[in-house]
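The sequence and the model are shown first, and the description follows.

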Amino acid sequence: FEKLRAPKKLLVGPWSHTYPNSSHCGPRIDIHRELLRWWDHWLKGVDNGVEKEPAVQIYEQHFEEPLADRTHIAGSWRMADALPADPAQIFYVNGDALQGDTPVQQHAASVPYLPAACRNGGLWDAGVAFTLPGDQRADSALAINSANQALKTDLCIFGNPSFSLFISADVEVVPVAARLLDIAPDGTTVLVTKGLINATRRNGMDKPLALVPGEITKVAFHMEATAWRFTKGHRIGLSVNGSDFPNVWPTPQAGHLTLHWGPEHPSQIALPVWDGGSDPAFAFQPSPDPPRATGSGQTPWQVVHDVLEDRYRLVLDGLGEMVVSQRDPARAWINAQKAATVAWPGLDVRSEASGSLSSDEHTFTLQLSLHVYANDQLHFHKSWSYSTPRNLL
C-alpha cells in the first residue's frame, strides 16, 4: 500500500479466511457494494465520492472476553488518510517487567521447549469453522512472561509489532515464539498478535545456521499485523517460549530456551503506535448474507492429552488429526482425509483422498493416496510418497 502511486484504498476488517460479507467473525459488511463503488468511479467515471473518502479504513480491535466461537469482534472502525508514520515505541524486557529504559543489570530466564505448551492461540483459518484464540493464561504458565505497569491512558497500535530477543539454548535447533498480550485488571489475558521463527533461520529463511549450545545470539522477527487499542488500566504483556500448537511443526530437539536481558543484551519489542485515526466518515452497509457457521456445539476442535506418553492430539471433526510429543518433538504426524461426491444420470462418482505428513529426527515423509469410484466400482487409484531431509527444521 505504501509503494502504490495510483489511486488506492486499504480496507481491513477482523474477518476470517473468507469474504467480509460471510465471515463468521463480524462485523460483516456488504463488500460487493464497496467493490462496485470503487470500480464504478475508476472504471466508469461515476461521481460517487469514493475518491474523497479516507484512504485507510481499518477495524481497530478492543479487549473482550476471549471466546473462541464469538461471532462479533469488539472494536470500532477508524479512518485515516495514510498509514501511521510515527516511530515505533520500544519496550525492554527486564524480568517480569516491560519498561521504556534499558535494564541496568544482566539477567536470564529459561523455559523448556514443549511443542504443545501453547494450545489456545487459535488455528490458522484455512476455511475451517471457529478458529479464534482463547484465554492465554494457561499458555503463559509455560513461558517467560513480562508486562508493563497498568496504562494511564489508552495506547493504539496499527501495523506489525516486532521483537528483538537475545536467546541461547542447550540444543542446536529451537523455535522462538513471541506473543503480544492484553492483560485486564482481573487477569484475563487475550492474544493481540504473535510471531514465531525457527532460530536457525535468524540470518534468513534460506540461510539455515545451527545454534551453538550456550552461545547468546540475537533473534529478530515481526509479529502478524494488527490494529489494537490497549485501554487505560490494562497492561501490555509479552510471553516467550517455542510453541504455537497446532499451527507450527515442532523442531526436532528437546531442550531449553533461555532469554537474556540487560545493557549488553537489550531484549525488546517494538510497537507500531499511532493516534488511533479519526471517527468513520460514513457507515458501511451491513452484509445481506448470513454468516458462516462457527461449528460450536459440534465439538470439531479438541485437544486430547495422552498423559502416559505426554503426547497432544488435535482432532478436527471429520478432517483429521495432528499429534506432537512433549518428550520427543522430532516425532510428529498429521493424518487427514477428504471425500467428495458428484452425480449425473446413471453415474455416481466418489473420490476419497487421504494424506499424512510425519517426521523423525532427520526426515519429513509425505504420503498421499487417491481413490475414485464410479457407481461404487474402483475406477482410478494412485499413491505418492516423498521424503526430504529436515535441514534444521
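What volume does the largest pocket have? In this predicted model, the largest pocket has a volume of about 1,300 Å³. Its lining comprises 45 residues, and Gln61, Val192, Thr193, Glu224 and Ala225 are those that lie nearest the centre of the pocket.

At least two residues each are supplied by β2 (56-62), β8 (155-159), β11 (189-198), β12 (217-222) and β13 (226-230). Of these, β11 provides the largest share, namely seven residues. By class, the lining of the largest pocket consists of 23 nonpolar, 16 polar and six charged residues.

| Cavity | Volume | Lining by class |
|---|---|---|
| Largest cavity | about 50 Å³ | seven nonpolar, two polar and one charged residues |
| Second largest cavity | about 30 Å³ | one nonpolar, four polar and five charged residues |

The largest cavity is lined by Tyr113, Pro115, Gly242, Ser243, Asp244, Phe245, Val248, Trp249, Pro250 and Val324. Around the second largest cavity, the lining residues are Cys118, Arg119, Asn120, Gly121, Gln136, Asp139, Arg179, Lys194, Ser243 and Asp244. Nonpolar residues number seven in the lining of the largest cavity, whereas the lining of the second largest cavity has one nonpolar residue and five charged residues.

**Surface features**

A nonpolar patch on the surface is formed by Leu35, Leu36, Trp39, Trp42 and Leu43, which together have about 530 Å² of accessible area. One of these residues, Leu43, lies in helix α1 (residues 31-44). Is Leu43 buried or exposed? Leu43 has a relative accessible area of 69% and is therefore classed as exposed, because the cut-off for that class is over 50%.

Ser296 is found in the loop between β17 (273-274) and β18 (301-306). Its relative accessibility is 43%, so Ser296 counts as partly exposed; that class covers the range between under 20% for buried and over 50% for exposed. Ser296 and Pro213 are separated by 83 residues in sequence, and their C-alpha atoms are 45 Å apart in space.

Key
Residues numbered from 1 in each chain as written. Predicted model: local features only at pLDDT ≥ 70, side-chain atom pairs only at ≥ 80, totals over all residues. Heavy atoms only, no water. Patch = residues over 30% accessible without salt bridge, like charges linked within 9 Å, V, L, I, M, F, W, Y side chains within 5 Å. Areas by Shrake-Rupley, 256 points an atom, 1.4 Å probe, with all protein chains shown as cover. Salt bridge = Lys/Arg side-chain N within 4 Å of Asp/Glu carboxyl O. Helix = DSSP H or I, 4+ residues; strand = E, 2+ residues; numbered from the N terminus. Buried < 20%, exposed > 50% of the residue type's maximum accessible area, 1.4 Å probe, protein only. 1 Å grid on protein atoms, 1.4 Å probe; cavity = no way out; pocket = protein on both sides within 12 Å on 5 of 7 lines; lining within 4 Å. Points joined across faces, edges and corners; volume = space filled by probe spheres on them. Nonpolar A, V, L, I, M, F, W, Y, C, P; charged D, E, K, R; others polar.
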